Amino acid sequence: MAQLSNLLKITFGYSTFRPLQREICEASLAGRDVFALLPTGGGKSLCFQLPALVRPGLTVVVSPLIALMKDQVDALQASGVAATFLNSTLGADEARARLRGLHRGEYKLLYVAPERLMLEGWVENLKKWQVTALAIDEAHCVSEWGHDFRPEYRQLAKLRVALPEVPMMALTATATGRVKQDIITHLKLREPTVFVASFNRPNLTYRVVPKDQPAKQIIDFVKKRESESGIIYCASRATAERVAEALAGRGFSAKAYHAGLEAGARARNQESFLRDDTRIICATIAFGMGINKPNVRWVIHHDLPKNIEGYYQETGRAGRDGLPGDCLLLFSPGDIAKQTHFLDEITNPQELQIARAQLRQIVHYAESSACRRAELLAYFGEKYPLDNCAGCDNCAEPRETYDGTIVAQKFLSCVYRISQNARFGVGINHVIEVLTGADTEKIRRWGHDQLTTFGIGGELSRPEWAAVGRELIRLGFLGVAAGEFATLELNAGGLAVLKARTPITLTKPMDLPKAKRAAVRREGDIACDEILFARLRALRKEIADERRVPAYIVFGDTTLRAMARHYPKTLEEMEGIPGIGEKKRAEFGETFAAEIADYLKTSSRVAFD
């Protein structure tokens, strides 16, 4: 459909579609229900924005976050698209004005929160406004198995009844097969065309390092990236505050963001980050879902995330513009205990089972010696085709291994003896207490101090035994029961290696980072004149501040780096620079071309390969 390509170029300034975008747009315009799973930075928004410009009537976009609505509407309006949002931030007069515009058919897109759509009278409004498409963004919120379940999303099925002929599109950046099926079922999608893009983010690098003096580790990391924007995720509000204060005390531009802040302060800190006035946000997971800031260059996890989906989405906030992004996870076995303690607050047995399984998976990821990228993709059911991604710590610097046959035999044997003696399973901590000869009430009561494996593990500390146990689970020799208690089970594979005394290779624990590390490949970089890039960035900030919008609403970093590579000095030469549609070229083109021409008066062009 040539019309889609033309609109992509004229309105948004891109000459090519990202993977699956065209196909999703065409399926939607054909009147089909669509399920689209595209990674963060994969261009989900264009999948409903472009069809909205082609078809008559109004496209309603359901979005869970107020910040995301304003963000997307600002960006659309900057590109010349008639879009608006309705939410609680608007005064009564402004809300009424927008409602009048909707009744007059002035808008192509309306962004709205799910709970507003359920208010009395809204179904009648939707019918009057000639709604011709529904897009449900962040659709994983509908599933209890998703990492961000929101009960109000379950109510959206009522839209299918109210607007039976209107095609519906569900979009998410992260969903397992189970979550995908939940979305299709709960939203009542009718024989949807399903699109699943690769979860691979080739421009992101992944590192996990042992947490040791985290404040110092973070400061050392940030020192090398002083001009870049980044997010530090923390497990608690107190940690987010403490890390922000430590950074600010060292002269870095950092602020905290969490649900405990007064709403006004939270909004100001977020806005300051979006506008590049604040470089670093130290946040709990309350921050970021749907934040459309493309120039986040790095993400640090100060603490272990609750699950892989959350980790994947949070790391995915780096490098949304396709330029390189660095992801660092500081890992301490002590964080497992903290997260396990949080699980004690869950009273619903099924929720607890889900949470425990998810915690085991993220610990598995953190401790694994395998390719990080392959591990992440495997979680989402995708096989990474290469043996070495060259973009993670384990591929750049493979971890050392050792002959773990004896310690593995001791651990597996202990699990076997306990189950033979008691006819019931125990958790990993109890196995470790038996191995290390602990004098506990449970061990005495159950007679486990009489087992032949009692006290045979004095050569390792408890944390070291815990790492061995978790690796044996990862290797498939031990299972974890799905019941209320996470008890260990010796499976057929474990029993076979125990009886045959099969040699087992285990991985040495992670070392602290060395002074010199192997280079991790950074994909997506655009070599450019860095001095000119800095000047263009300053000009962009000036224009954005005048308009009171985030800098990337004017142009993204990809666009500025392309300008600083190709040196366009006229409007005509701006043709072909990515991210410059007709409206933006008319509005900002001459200003940026003049800045480049002025720069070239005193500087010469840099040659690029």
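Contact here means heavy atoms within 4.5 Å. This is a predicted model: local features need pLDDT of at least 70, side-chain atom pairs count only at pLDDT 80 or more, and totals for chains, interfaces and linings use all residues. Residues are numbered from 1 along each chain as its sequence is written, and side-chain values use heavy atoms, with hydrogens and water left out. The chain has 26 helices and 17 strands; these are DSSP runs numbered from the N terminus, with helices being H or I of at least four residues and strands E of at least two.

**Whole chain**

- The radius of gyration is 27 Å, close to the 25 Å that the globule rule gives for 609 residues, so the chain is as compact as a globular protein of that length. The radius is taken over C-alpha atoms, and the rule is 2.2 Å times the number of residues to the power 0.38.
- The C-alpha trace spans about 80 × 65 × 45 Å along its principal axes.
- Of the 609 residues, 54% are buried. Buried means under 20% relative accessible area, with a 1.4 Å probe and protein chains only.
- Take the contacts between residues at least 6 apart in sequence: 75% of them join residues at least 24 apart.

**Helix 10 and Ile218**

- Helix 10 covers residues 214-223, and its buried residues are Gln217, Ile218, Ile219, Phe221 and Val222.
- The cover over these residues includes helix 11 (237-249) and five strands by name: strand 8 (204-210), strand 9 (229-233), strand 11 (280-283), strand 12 (296-301) and strand 13 (325-331).
- Ile218 has a relative accessible area of 2%.
- Leaving out residues up to four places away in sequence, Ile218 touches Ile232, Val243, Leu247, Ile300, His302 and Leu330.
- Ile218 and Ile531 are 313 residues apart in sequence and 27 Å apart in space, C-alpha to C-alpha.

**Helix 5 and Arg98**

- Arg98 sits in helix 5 (residues 92-103).
- Arg98 is buried, at 14% relative accessible area.
- Beyond residues up to four places away in sequence, Arg98 touches Thr84, Phe85, Leu86, Leu90 and Tyr107.

**Helix pairs**

- Axes are lines fitted to C-alpha atoms, for helices over the stretch in contact, and angles run from 0 to 180 degrees between N-to-C directions. Under 35 degrees counts as roughly parallel, over 145 as roughly antiparallel, 65 to 115 as roughly perpendicular and the rest as oblique.
- Helix 1 (residues 2-12) packs on helix 3 (residues 46-54) at about 105°, with axes 10 Å apart. The two helices are therefore roughly perpendicular. Helix 1 supplies Gln3, Leu4, Leu7, Leu8, Thr11 and Phe12; helix 3 supplies Leu46, Gln49, Leu50, Leu53 and Val54. By class, this contact has 8 nonpolar, 3 polar and no charged residues. Nonpolar covers Ala, Val, Leu, Ile, Met, Phe, Trp, Tyr, Cys and Pro; charged covers Asp, Glu, Lys and Arg; the others, Gly among them, are polar.
- Helix 15 (residues 349-367) and helix 16 (residues 372-379) pack at about 160°, with axes 10 Å apart. This pair is therefore roughly antiparallel. Gln361, His364, Tyr365 and Ala366 of helix 15 meet Arg372, Glu375, Leu376 and Tyr379 of helix 16. The residues of this contact divide into 4 nonpolar, 2 polar and 2 charged.
- Helix 18 (residues 405-422) and helix 19 (residues 428-435) cross at roughly 105°, and their axes come within 10 Å. Helix 18 is thus roughly perpendicular to helix 19.

Notes
Buried means under 20% relative accessible area, exposed over 50%, partly exposed in between (1.4 Å probe, protein chains only).
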